[in-house]
Structure formats: structure tokens, C-alpha cells
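Take a moment to look at the sequence and the model side by side. We will walk through the fold together, one piece at a time.

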Amino acid sequence: MDHEHPLADGLVRRDDGTLGCAWHGADPLYRRYHDEEWGRPSGDDDRLFEKLCLEGFQAGLSWLTILRKREAFREAFEGFSIDRVARMGEADVDRLVADPGIVRHRGKIVSAINNARRAAEIRQAHGSLAAFLWSFEPDGTGRPDVVDVAFLRATPSSAASTRLSKALKKAGFSFVGPTTVYAFMQSMGFVNDHVEGCSARQSCEAARAAFVRPARSPHPGDA
């Protein structure tokens, strides 16, 4: 395991000489997630749905706890296929509550199934869940020129995450508060919150620049 050296600006210098966001610590699984996934955009409906679900399960826990259980979650929830999860019923809830590999919180399990059904409705109305979600991507207004640890600590949610949270709740989703939704937006590349100087920041920004946004759809209530 790498031994990492905290710096004062929210970065760690790793044994290979690279800098990374300090939050990933020394855990190799967490480091791979930080380096290869966090902040990379996706237009895949099932992957976006998975992350919304897992951020909901994470509430009150550490993300590392969820990350270590992610493969078990994927197996239990049939790859987080929106269609498959939407067809789950009470027997599946009982099965999942008894599954030691995941977070056995009945309310969150019921929420994931409900959210799959709501995601299917959004997909039908907007062409894809991705088109709906990406229509809430912030335009950069209010973003700092330099993302530092002070900004991140002061920004548990944002105007964009609050708007998306409200829209999701209006569509019938649960466990999608503004803070949960901002964590989702950070992780799925709606914003680039790698700290300035992090070795992943530039590649993440390049991935965002190359990403073809799904066709935008009207926000609920727009007229």
C-alpha cells in the first residue's frame, strides 16, 4: 500500500511522486476510484442510475464503505439495470434486506426500486435518463477560477444540485437531497472538483471537454 504524505492544500504527495486529492487517503481501491472514475462523465442511463442509488445508500456512511460493497450491490441489484430493478417487488426487498453484502436498510432498498420506476418514466418522457440529468449541468456561474479545499468544504451542495434535487423529488425520487445530488454530480463529471494540482484534474477536464452531452430536454415545469 502506498504511504501518502498530506499537504496543506488538500493534496497528498504519493510515493510515486504524483499529487492526488487528499480525500482518497492511502487505500488502493479508493485511489483507483479517484484516479480512474471520479469526475469522469457518463451518458449511460444505468451507470447514472447506479450512482444515484449508491449515493443514496451512502447517506450517513463513508463512500469507501459503499465502494467496498459495490460489486455486491451490483450483483444484488442486477447490474443496476433500470428495467430490471423497476420490476422488483416485495419478495426482492425481503431478499435484499437479508443480503449481508450490501447496506441492509429497508427504506433505502425500497427507494432504489421506486427510483428505478421513476427513472423509467423519465426515460420515456425525455428520451433518456441521461438527457434529463445532463440538462441540469451547471454553466460555470459561481464556480471559482481555482478549485481548492476551502471551496470544497464550503460547498456541500450547489444551486445546480438544488435544482436537480427538486426536479427529481417532483418526479417521485427519494434519497436525493441537494447534498447527495451534488456528490453525484461531482462523481459523474457534471463538475470537476479535483483540487487544483491533482494529477487527475487535467485528464478529467479533458474527458469533460470530449464528452458529447445527451440532447437536452426541458426541465419539469418549464413553459
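A word on the model and its numbering comes before the tour. This is a predicted model, in which local features need pLDDT of at least 70 and side-chain atom pairs count only at pLDDT 80 or more, while totals for chains, interfaces and linings use all residues. Residues are numbered from 1 along each chain as its sequence is written, and side-chain values use heavy atoms, with hydrogens and water left out.

Let us begin with helix 6, which covers residues 106-126. Helices here are DSSP runs of H or I with at least four residues, strands are runs of E with at least two, and both are numbered from the N terminus. Helix 6 has 21 residues, and from its first C-alpha to its last it reaches 30 Å, close to the 30 Å expected; the expected span is 1.5 Å times one less than the number of residues.

Which residues of helix 6 are buried? They are Lys108, Ile109, Ser111, Ala112, Ile113, Asn115, Ala116, Arg118, Ala119 and Ile122. Here buried means under 20% relative accessible area, exposed means over 50%, and partly exposed is in between, using a 1.4 Å probe and protein chains only. The cover over these buried residues includes helix 2 (45-58), helix 4 (82-86), helix 5 (90-97) and helix 7 (129-134).

Helix 2 packs with helix 6 at an angle of about 150°, and their axes are 10 Å apart. Axes are lines fitted to C-alpha atoms, for helices over the stretch in contact, and angles run from 0 to 180 degrees between N-to-C directions. Angles under 35 degrees count as roughly parallel, over 145 as roughly antiparallel, 65 to 115 as roughly perpendicular and the rest as oblique. Helix 2 and helix 6 are therefore roughly antiparallel to each other. On the helix 2 side, Asp45, Phe49, Cys53, Gly56 and Phe57 take part, and they meet Lys108, Ile109, Ala112, Asn115, Ala116, Ala119 and Arg123 in helix 6. Contact means heavy atoms within 4.5 Å.

Helix 5 also packs with helix 6, at an angle of about 135° and with axes 10 Å apart. That makes helix 5 oblique to helix 6. Glu90, Val93, Asp94, Leu96 and Val97 of helix 5 make the contact with Arg106, Ile109, Val110 and Ile113 of helix 6.

Helix 2 has another partner in helix 10 (residues 178-187), and here the angle is about 135° and the axes are 9 Å apart. That makes helix 2 oblique to helix 10. The contact joins Leu48, Lys51, Leu52, Glu55 and Gly56 of helix 2 to Thr180, Ala183, Phe184 and Ser187 of helix 10.

Now for the interior. A nonpolar core is a set of buried Ala, Val, Leu, Ile, Met, Phe, Trp, Tyr and Cys residues joined through side-chain atoms within 4.5 Å. The largest such core has 49 residues, and Phe49, Phe73, Phe77, Leu133 and Leu168 touch the most other members. Apart from this core lies another of 11 residues, among them Cys21, Val147, Val191 and Cys198. Leaving out residues up to four places away in sequence, Leu133 touches Leu48, Leu52, Leu164, Leu168, Phe184 and Phe190.

Ser165 is found in helix 9 (residues 159-170) and is buried, with a relative accessible area of 2%. Neighbours within four places in sequence aside, Ser165 is in contact with Val176, Gly177, Pro178 and Val181. Lys170 also lies in helix 9, but at 61% relative accessibility Lys170 counts as exposed.

Most residues other than glycine have a negative phi. Glu78, however, has a positive phi of about 50°; its place is in the loop between helix 3 (63-76) and helix 4, where Glu78 is partly exposed at 37%. Phe175 has a positive phi as well, near 55°, and sits in the loop between helix 9 and helix 10. With 35% relative accessibility, Phe175 counts as partly exposed.
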